[in-house]
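Student: I have a model open beside its sequence, and I would like to learn how to read it one feature at a time. Could we go through it together?

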Amino acid sequence: MNPESFYLTFKNISTTLDSTIKAAVAVGGWHSYSVFFLIIFLGCAFIFLAWLPSDMLIFLCGTIASTGRLNIWLVILVGSLAAFCGNQLKYFLARHNKRAAKKLKNSKTESYFNRDQNEAVISGNLIPAVGNLIPMLAGYNKMNYHDFTKDNAKGGALLWLSLFALLGFASTAIPIVAHNMVISSLVISLAVGLLYRFAVKIITSAKNND
């Protein structure tokens, strides 16, 4: 497949996915919040459902909230609760069934987790492809349950949901973002992850030099 064909295929898929998800949540009311909760919960709870477009959905619900059809604070509350419950379930599954988590042994994600477990749980969801693995590693390595729960609540769920929902809420002022939700959310997700990693390196370097 040449680059032009790949681009057109990706654009068609993203447009279809964009319109499908918009239709699912744009009706407003509790139906939208229920769909939102279910997708975020399943994506966080089960590694085989990590492909669900969680970042994009949070971002999209933020944009819809800016039109008044959803409440931005309920989006953050419902999404945070779904992410928290999903991460807690994944932690327990890995703690009592270690087969899947063992595959992460000696991986870059495990190295990241072992450097600072608390920080990894709080910020993991900001880094693409990492957030879904952190609760598994926490359960596999028997991270203190109370520490995991506290970090999951304040960072793994609330920080992630608040950031992406508010970015979506503010994005309607940028037409190219508002009309290309799938691509925009992917770019923003990658940008947030890269900026976070860059900030951590600068802070760590500054601490080491003191």
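**Reading the model**

Tutor: F169 is partly exposed, with a relative accessible area of 35%, where buried means under 20% relative accessible area, exposed over 50% and partly exposed in between, with a 1.4 Å probe and protein chains only. F169 has its place in helix α9, and helices are DSSP runs of H or I with at least four residues, while strands are runs of E with at least two, numbered from the N terminus. This is a predicted model, in which local features need pLDDT of at least 70 and side-chain atom pairs count only at pLDDT 80 or more, while totals for chains, interfaces and linings use all residues. Residues are numbered from 1 along each chain as its sequence is written, and side-chain values use heavy atoms, with hydrogens and water left out.

Student: Which residues form a nonpolar patch on the surface with F169?

Tutor: A patch is made of residues with over 30% relative accessible area and no salt bridge, and nonpolar side chains (Val, Leu, Ile, Met, Phe, Trp, Tyr) are joined within 5 Å, like charges within 9 Å. A salt bridge here is a side-chain nitrogen of Lys or Arg within 4 Å of a carboxyl oxygen of Asp or Glu. In this model W73, L166 and F169 form such a patch, with about 330 Å² of accessible area together, an area that comes from the Shrake-Rupley method with a 1.4 Å probe.

Student: How many helices and how many strands are there in the protein?

Tutor: The protein has eleven helices and zero strands, and buried residues make up 43% of its 210 residues.

Student: What can be said about the span and the burial of helix α3?

Tutor: The expected span of a helix is 1.5 Å times one less than its number of residues. For the twelve residues of α3 (residues 54-65) that gives 16 Å, which agrees with the 16 Å between its end C-alpha atoms. Twelve of the twelve residues of α3 are buried, so this helix is largely enclosed by the rest of the structure. G62, which lies in α3, counts as buried because its relative accessibility is 0%, and the C-alpha atoms of G62 and L163 are separated by 9.8 Å although these residues are 101 apart along the chain.

Student: Which members of the largest nonpolar core touch the most others?

Tutor: A nonpolar core is a set of buried Ala, Val, Leu, Ile, Met, Phe, Trp, Tyr and Cys residues joined through side-chain atoms within 4.5 Å. Of the 23 residues in the largest one, F36, I40, I58, L70, V75, A83 and W160 touch the most other members. Helices α2 (29-45), α3, α4 (72-96) and α9 (145-171) each supply at least two residues of this core. Another core, of twelve residues, lies apart from it, with Y112, F113, I127 and L137 among them.

Student: How many aromatic pairs does the count come to?

Tutor: Rings of Phe, Tyr and Trp (its six-membered ring) pair if their centres lie within 6.5 Å, and planes under 30 degrees apart count as stacked, over 60 as edge-to-face and the rest as tilted. By this rule the count is five. The F37 and F41 rings have centres 6.2 Å apart and planes at 5°, so this pair is stacked. Y91 and F148 also form a stacked pair, 4.5 Å centre to centre with 20° between the planes. This second pair links distant parts of the chain, with Y91 in helix α4 and F148 in helix α9, 57 residues apart. Y91, F92, Y145 and F148 form one aromatic cluster.
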